[in-house]
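Subject: Structure handover

Hello,

Here is the structure for your files. My notes on it follow below.

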Amino acid sequence: MARDKGRDNPARAKKSRKLRREVYVFTEGAVTEPGFVTFVTEHGTRKDPRHEIVCKVENRSAPSKRRKPLPLVEDAVTKWHEVRRAAKRAGIEPEDWNWPQVWCLFDRDQHEDIPTAFAKAKREKLHVAYSHPCFELWRLLHYQNYTSTFGGVCDSAANRLKQQSGFVQTYGPTLRSVSPEQAKHVMPGQLSGRYKTAQRYAAGLAERHAGRADPNSWDPYTDVWKFVEDGLDVSDY
């Protein structure tokens with residue numbers, strides 16, 4: 001009987017087996033962004049369900065002083081060096097689908113170190129998902145397009161967000177917006193079925209800022225959708 005040489009081909013075996021990518025995320029927010037990551041990993045439609053994504057919010061217990069953009073990137077760099085070494089020992093190459101990723105999700109807010117954080121992340125080949133003025137803009141784009149400046153003030157975006165249908169509760173005959181603390185929590189009903197709309201609006205905002213080198217001037221802006229698609233391998237939710 002002729003021998004099936006393909007079964008003994010290491011390259012073919014590596015290509016055909018199920019791959020597993022580890023994704024480590026460092027978030028500025030302690031509640032909203034981790035909740036969003038959980039929602040997407042649990043409810044998202046994967047581009048290639050044959051492969052596995054293992055995602056971990058690495059800094060869940062980090063103190064608030066380490067959640068600002070530059071310290072966040074510094075902590076992510078330390079983790080990136082660790083996982084990169086482990087990947088190389090496992091025989092995984094940078095061009096492989098399962099090469100690990102480390103992401104930083106942070107906002108403009110009133111931070112003064114945004115350009116420095118971006119430069120360090122780029123130098124270390126970290127992935128960044130950035131929102132100006134804050135992550136609430138990404139959530140707002142699930143409901144409406146918004147192209148006017150927020151003046152760098154997150155409260156304006158947060159207040160608009162709380163007016164949307166997913167953030168209103170019924171108290172007898174009265175409708176009330178949820179509290180600021182309640183609004184931090186990501187609920188499936190606020191996002192499900194709205195991803196394509198938010199992605200389209202966010203991509204449009206990015207086009208408006210093309211050619212501007214200073215991320216402090218990108219108001220409004222968010223590219224969280226890149227994290228969804230490139231990091232978590234999700235095309236919809």
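A residue is called buried here when its relative accessible area is under 20%. The model is a predicted one. By that cut-off, helix α10 (residues 224–231) is mostly covered, with six of its eight residues buried. These are Val224, Trp225, Phe227, Val228, Glu229 and Gly231. Aspartate 233, which follows α10, has a positive phi, near 60°.

Further along, aspartate 236 lies in strand β9 (residues 234–236). Aspartate 236 counts as partly exposed because its relative accessibility is 25%. Beyond its neighbours within four places in sequence, it is in contact with Gly44, Thr45, Tyr195 and Lys196.

On the aromatic side, the structure holds 16 pairs. One of them, phenylalanine 39 with tyrosine 237, is edge-to-face, at 5.2 Å centre to centre and 80° between the planes. Phenylalanine 39 is in helix α2 (residues 32–43) and tyrosine 237 in the segment after β9, so this pair ties together parts 198 residues apart in sequence. Both residues are buried. They also belong to a cluster linked by ring pairs, made up of Phe36, Phe39, Phe135, Trp138, Tyr195 and Tyr237.

Phenylalanine 118 and tryptophan 218 have ring centres 6.1 Å apart and planes at 75°, so that pair is edge-to-face as well. Phenylalanine 118 is partly exposed at 21%, while tryptophan 218 counts as buried at 13%.

Two arginines sit over rings: arginine 21 over the face of tryptophan 97, at 4.2 Å from the ring centre, and arginine 200, by its charged end, over tyrosine 201, 5.2 Å from the centre.

Regards

Technical notes. Residues numbered from 1 in each chain as written. Predicted model: local features only at pLDDT ≥ 70, side-chain atom pairs only at ≥ 80, totals over all residues. Heavy atoms only, no water. Helix = DSSP H or I, 4+ residues; strand = E, 2+ residues; numbered from the N terminus. Buried < 20%, exposed > 50% of the residue type's maximum accessible area, 1.4 Å probe, protein only. Contact = heavy atoms within 4.5 Å. Phe/Tyr/Trp six-rings, centres within 6.5 Å; stacked < 30°, edge-to-face > 60°. Lys NZ or Arg CZ within 6 Å of the ring centre and 35° of its normal.
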